[in-house]
Amino acid sequence: MNKSWKSYDSGSFFDELLTSTGNPRLAARGIMNFLRNLPDGELEERRAAAELAIRDMGISFTVYTEGGNIDRSWPFDIIPRAISAKEWDRVSTGLKQRSRALNCFIDDVYNKQKILKDGVIPADIVLESTNYKPQCQGVSPRYGAWAHICGSDLVRNKDGKFYVLEDNLRVPSGVSYMLENREITKRVLPELFQNYSIMPVDDYPTQLYKTLASLSPQQNRKPCIAVLTPGIYNSAYFEHAFLAQSMGAELVEGSDLFTDDDDCVYMRTVDGPVRVDVIYRRIDEDFIDPEVFREDSKLGVPGIMRAWKAGNLAIANAPGSGVADDKVIYAYVPEMIRYYLKEEPLMESVKTYLCMLEKDREYVLKNLDKLVIKPANESGGYGMMVGPHASAETRREFAKLIEENPRNYIAQPTLSLSTAPTCIDHKVEPRHLDLRPFILQGKDVWVTPGGLTRVAMVKGSLVVNSSQGGGSKDTWIVESNK
Amino acid sequence: MTMLSRVADRLYWMSRYLERAENTARFTSAYTHLILDLPRGTELGGWQVLVDILDAEPVFKKHYRVFNEQNVLRFLIADLNNFSSINYAIKAARENVRTTRDVLPEETWEHVNELHIMCKDMAEKSVGRRHRYEFLEQIISRCQMINGLLMTTLCRDHPHRFIKLGHLMERADMTTRIVDVGAGAILERENNNPAEDTLLWSSMLQSLSAISAYRQKIGPLVEPDPAVNFIFKEQTLPRTVAFCLKGILEELQPLKNNEAAIGIAESALRKLTRFDVQKKSYEELHQFIDQFQIYLCDLDNAITNTWFLPIPTEPQEA
């Protein structure tokens with residue numbers, strides 16, 4: 001064994017590659033045998049090669065700072081994470097179930113509102129949510145699908161089980177990095193692929209294309225699909241361009257589009273206007289149409305909502321989908337599954353305390369040092385508090401926030417996120433990670449084999465967001481019939 | 001095949017900037033070589049000539065006082081205040097590719113990005129004579145590689161068309177500037193020693209990558225009138241002005257609403273064909289190039305107004 005591994009110890013956490021006795025898990029056997037037997041110093045060489053590849057491939061994301069926007073290289077750890085195909089099968093079935101129920105829910109609350117009338121979910125928490133958009137009432141997108149692209153965040157707890165932490169139904173990002181991570185691993189650790197049967201990930205753009213095409217209002221012709229981006233200063237611009245290119249779709253900005261008197265949306269092209277059938281929007285819904293939502297938006301397209309409501313244009317994800325992407329609603333997803341699908345939930349959810357309920361609030365305020373407090377509808381890890389790591393002052397601050405605006409906060413027990421070996425300063429150390437698979441729903445439902453694994457690069461940290469110093473790993477779904 | 005006006009605009013400029021970087025590298029390299037060959041005292045307008053080609057004296061004066069080798073070369077190679085410097089042009093080209101990579105062959109972005117990293121890291125260090133040649137060679141060959149990649153992998157439709165337009169427009173522009181400033185410097189130099197003529201005119205053709213073609217077509221002896229005539233009118237060499245204009249016309253042909261642009265390009269070509277360099281003074285040559293530059297400017301405006309800033313007309317199905 002080379003010396004980088006000598007002192008590796010994941011403590012009491014579940015480690016993705018090693019068992020508690022330090023032996024490789026079945027799915028990780030090949031990876032571990034190879035890495036542990038690399039001559040001293042070679043792991044570092046491979047790491048440097050990966051860094052160079054990332055720089056040359058121009059894989060970057062944008063970080064906003066006071067001094068301007070910085071285009072930063074994508075942070076990547078070369079040691080892959082492996083999950084057995086058998087386990088993944090179960091997770092993927094559970095995710096499909098969840099996505100179907102969430103879409104039933106969104107379609108219901110903008111139309112008949114059966115679930116509210118039946119009292120399964122209190123009507124006011126849905127209808128008074130800032131994520132509920134009355135402008136979307138009465139619209140019935142094809143197949144009842146609203147959240148066509150969902151990026152769910154999963155974590156593995158101490159018990160070894162995957163839990164759904166949140167469902168990102170608005171504009172989830174990260175999928176291009178999932179694809180690029182595989183490319184980099186193939187370049188820097190090609191030997192690893194020899195004795196493994198790893199499910200390929202590069203099918204994603206095709207599946208996304210199929211999903212989007214199935215939404216087109218004009219099924220009798222090849223659909224004109226456009227990816228709507230806020231522009232190059234968006235942190236995920238790289239991904240927008242990547243997806244447009246790999247689907248052969250147009251990458252458009254708001255100013256490239258206009259809505260004509262016929263309630264159809266057109267692109268401005270060198271040959272004159274061309275009608276668009278499907279828009280994959282990567283702009284927050286509040287900005288997509290100044291006629292309907294924020295008037296000051298320069299990113300959107302005036303009239304695009306008219307076109308969508310008239311059925312002349314499909315928008316993915318449909319405006320209003322965010323209603324199910326609310327941490328209060330999250331607590332009710334198991335109920336939704338039972339209500340709409342008459343099935344028992346297959347995926348675990350995290351026990352969630354709703355600060356709006358008096359009993360829950362009392363418990364939360366008493367146990368701030370044990371819980372994670374999250375605002376109901378922020379994303380990117382902003383505005384949250386990890387109780388056990390927070391100072392007494394921060395806890396007091398959050399207690400005040402909760403009492404002032406209980407609807408806005410939820411609390412969950414601190415999970416013991418699993419770890420995986422990660423290269424840190426010439427050594428290998430355990431770091432916490434999560435997993436974001438992507439679920440596509442149009443005519444059919446499809447789940448990525450694996451997803452984007454994000455790693456908290458700081459020792460002991462649980463914050464995996466790239467905007468806050470997180471890294472990522474290639475994620476392998478491994479067929480282990482040997 | 002649809003093409004967004006915004007994308008057409010960016011491809012056009014990507015291509016112009018790449019061509020600009022390559023041209024600046026070529027004439028800088030050729031001039032540096034020439035200076036090594038010239039006997040001391042042959043002044044030839046000094047290093048300022050290089051700034052004049054880019055018509056950039058006002059910008060230069062803002063940041064430097066003296067037209068010495070160090071200042072001028074820094075201005076041409078590394079200075080980001082100069083929109084025609086190699087460093088700026090590569091950066092701008094990269095920014096344009098970054099926002100159009102979805103319509104370009106996959107490797108384009110990677111190569112342009114590598115070129116940008118190399119340029120950013122090396123530009124400042126390559127101002128001095130020691131590394132300059134190697135740097136300029138790298139710029140030229142990498143630009144050519146990217147061009148080659150585009151020419152061998154792009155479908156012959158709109159993206160290719162606007163890339164080619166940008167490329168030919170920039171080249172026609174640069175070529176006429178180099179002839180203008182080069183001929184001026186040679187013909188108007190002090191201590192006019194006719195023995196140096198061949199060396200100087202050869203160097204000008206060298207900076208346009210036209211010297212070997214000239215030798216094959218015209219002959220080994222490089223003389224002023226045939227040289228200018230060759231670089232203006234030779235039909236077969238991709239670096240001549242006539243070749244660029246013909247190429248531009250060819251690319252404009254399949255585009256919609258092309259009347260204005262074609263009109264200007266045809267007038268420019270007619271003017272070039274009628275121009276007879278024989279018996280012309282430098283003053284007359286200079287005037288001709290000035291007028292010709294106005295045509296290029298009008299043509300650029302016509303392309304911009306017609307295809308990059310379109311006003312919605314009748315909708316049509318894709």
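In this model, 26 residues of chain A are in contact with 27 residues of chain B, where two residues count as in contact if their C-beta atoms, placed from the backbone, lie within 7 Å. The model is a predicted one, in which local features need pLDDT of at least 70 and side-chain atom pairs count only at pLDDT 80 or more, while totals for chains, interfaces and linings use all residues. Residues are numbered from 1 along each chain as its sequence is written, and chains are lettered from A and ligands numbered from 1 in the order in which they are written.

**Where the chains meet**

- On the side of chain A that touches chain B, at least two residues each come from helix 2 (42-57), helix 8 (237-247), strand 7 (250-252), strand 9 (265-269) and strand 10 (272-275) of chain A; helices (H or I, at least four residues) and strands (E, at least two) are DSSP runs, numbered from the N terminus.
- This side of chain A has 13 nonpolar, four polar and nine charged residues, with Ala, Val, Leu, Ile, Met, Phe, Trp, Tyr, Cys and Pro counted as nonpolar, Asp, Glu, Lys and Arg as charged, and the others, Gly among them, as polar.

**The sheet in chain A**

- Three strands of chain A form an open sheet in the order 8-9-10, with antiparallel pairing, and two strands are said to pair if DSSP finds at least two bridges between them.
- Strand 8 (257-259) and strand 10 of chain A stand at the edges with a single partner strand each, so one side of each is left without a neighbour in the sheet.
- Strand 9 and strand 10 of chain A pair in the antiparallel sense over four bridges, and Met267(A) stands opposite Val274(A) in strand 10 of chain A.

**Confidence**

- The model scores ipTM 0.76 and pTM 0.79.
- Chain B has a mean pLDDT of 90, and 95% of its residues reach 70 or more; pLDDT is the predictor's confidence in each residue, from 0 to 100.
- In chain B, confidence is lowest in helix 9 (residues 197-207) of chain B, at a mean of 88, and highest in helix 12 (residues 241-252) of chain B, at 97.
- Over residues 311-318 of chain B, pLDDT stays under 50, and the model has 18 contacts beyond four places in sequence for them.
- Where pLDDT is low, the predicted coordinates should not be read in detail.
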